[in-house]
Amino acid sequence: MMKSIYLLTSTILLTTAISCSNQEPAISTKNSQQKTYNPITQENKNDTEILNVTQIATEFKQTEFEVSDYNKSITPNWIKQRKSKLEPLMTIVH
């Protein structure tokens with residue numbers, strides 16, 4: 001009796017698995033193409049603009065994390081000097 005239940009259950013599961021694997025997907029990839037927004041690959045941007053932005057960002061980060069004297073204390077004057085070095089790199093030019 002137990003052997004027949006196992007055989008019947010196995011047959012049902014196997015039949016279900018085979019029938020489900022032969023079905024087509026519910027959503028076709030041709031019909032569900034989505035437009036994605038990628039700011040780096042926009043049509044109005046070219047490689048030189050991307051390269052320029054990357055260079056400016058690299059220069060900004062290098063300037064931001066540059067430490068010339070580890071023993072120097074942070075003063076308001078030092079903060080102003082640091083800010084004046086970074087401001088030109090933060091300005092957006094169209």
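Angles under 35 degrees count as roughly parallel, over 145 as roughly antiparallel, 65 to 115 as roughly perpendicular, and the rest as oblique.

This is a predicted model, where local features need pLDDT of at least 70, side-chain atom pairs count only at pLDDT 80 or more, and totals for chains, interfaces and linings use all residues. Residues are numbered from 1 along each chain as its sequence is written, and side-chain values use heavy atoms, with hydrogens and water left out.

**Exercise 1.** Work out how α2 and α3 are oriented to each other.

*Solution.* Start with the elements: α2 covers residues 47-64 and α3 covers residues 76-90 (helices are DSSP runs of H or I, at least four residues, numbered from the N terminus). Next, take the geometry: the angle is about 170 degrees and the axes lie 10 Å apart (axes are lines fitted to C-alpha atoms over the stretch in contact, and angles run from 0 to 180 degrees between N-to-C directions). So α2 and α3 come out roughly antiparallel.

**Exercise 2.** Find the residues of α2 and α3 that meet.

*Solution.* From α2, take Ile56, Glu59, Phe60, Thr63 and Glu64; their partners in α3 are Arg82, Lys85, Leu86, Leu89 and Met90 (contact means heavy atoms within 4.5 Å).

**Exercise 3.** Is Thr63 buried or exposed, and what does Thr63 touch?

*Solution.* Then list the neighbours: leaving out residues up to four places away in sequence, Thr63 touches Arg82, Lys85, Leu86 and Leu89. Finally, the Thr63 side chain reaches the backbone oxygen of Glu59 at 2.8 Å.

Terms used
Helix = DSSP H or I, 4+ residues; strand = E, 2+ residues; numbered from the N terminus. Polar contact = N/O pair within 3.5 Å; in protein donor to acceptor, adjacent residues only side chain to side chain.
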